[in-house]
Amino acid sequence: MSDEIRLAFAHPSERAETMAGPEPRDRISLRDHIVEVEIGAFQAERDVTQRVCFNVVVEVMPLTGVVDDDVDRILSYDRVTEAIAAELAAERLNLLETLAERVADRILVEPQAMRVFVRIEKLDRGPGALGVEIVRARGGDATPQDPAIETPQPLVVYLSNAAITSPHLIDWLDQLEASAQPVILCVGPADIATPQAGQEKAQRHIDLLAIEQNAWMVFGRDPRCAVVGSRTELDWAMKNDQICIWAPSRIVLDAVDGPAAAPHEAPALAAWFAASLAATELLIVGAALPEIAELPTRALSIDTAKIA
């Protein structure tokens, strides 16, 4: 076996050694850290867990002066496992590539970290280990920022079907558009019967799609409201002052700690969504506030007749 092939399958620590620059850095490593997690783009990988193996090497600048056996001066191994745990807990992911990028980004937030090698492998998808390996380095001398810090906190507005069909809807949207904070609209299913599948998992998908159909109905009334379904799209819309309507299927189905509310309990689902975004306020138009514990600090229910 050639050295190139051997190194391709060697532990990332060997890769780090071969890629060492003129100023060698210290390294800490995590080997064969196995976690059971739900991940994957295929339907067969949903609602089941599989073993995922992490191997991580972090290059750090050598300490100067006397170490004094002080744990606060070094990058703790716990910070590496905590980075993995935090990204696994954030949301359900389809791709190992996405998970590897996020773990690397989180590790590079640490002031001591200069470059990181991340290998992630699925152990249960075949006779061998299927995986991805990436190398990421800190750019220049700037300290990377946690993307979550930059995400604005929105106003989440739930529109009942009475609010959606109100002749005043456009005027309300004009007022919301003038708001100083990002606005995300939530809706429930339309007032029509949805198909009944007779099976819980299938029914959940159908009911979530019914909500998305109603979201497109709102878009039909006012095309400036973009229908969005991913956190990436939501973050972009909020940062660019665009009103958007939440299409819930992807975020609900991919949530690690999903909502207790069923799709037909639309105000409660909107409240869960608002809490997950750390929304500053939840406004329920044309329905009562849900009786759940996960309401934002400011939550208000408004009768459509009172804002006509």
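The model is predicted, so local features are described only at pLDDT of at least 70 and side-chain atom pairs only at pLDDT 80 or more, while totals for chains, interfaces and linings use all residues. Residues are numbered from 1 along each chain as its sequence is written, and side-chain values rest on heavy atoms, with hydrogens and water left out.

Of the 308 residues, 42% count as buried, where buried means under 20% relative accessible area, exposed over 50% and partly exposed in between (1.4 Å probe, protein chains only).

Next comes a helix pair. The axes of α3 (residues 77-90) and α4 (residues 96-108) come within 9 Å and cross at roughly 135°. Axes here are lines fitted to C-alpha atoms, for helices over the stretch in contact, and angles run from 0 to 180 degrees between N-to-C directions. The two helices are therefore oblique to each other, given that angles under 35 degrees count as roughly parallel, over 145 as roughly antiparallel, 65 to 115 as roughly perpendicular and the rest as oblique. On the α3 side, the contact is made by Val-80, Ala-83, Ile-84, Ala-86, Glu-87 and Leu-88, and on the α4 side by Leu-99, Arg-102, Val-103, Arg-106 and Ile-107.

Helix α11 (residues 266-276) has nine of its 11 residues buried, so it is largely enclosed by the rest of the structure. Among the buried ones are Leu-269, Trp-272 and Phe-273. Just after α11, Ala-278 takes a positive phi of about 55°.

Positive phi turns up elsewhere too. Asp-32, in strand β1 (residues 26-37), has a phi near 50° and counts as exposed at 53% relative accessibility. Asp-241 sits in the loop between α9 (231-239) and β8 (244-246); its phi is about 55°, although it is not a glycine, and at 65% relative accessibility Asp-241 counts as exposed.

Note on methods:
Helices (H or I, at least four residues) and strands (E, at least two) are DSSP runs, numbered from the N terminus. Contact means heavy atoms within 4.5 Å.
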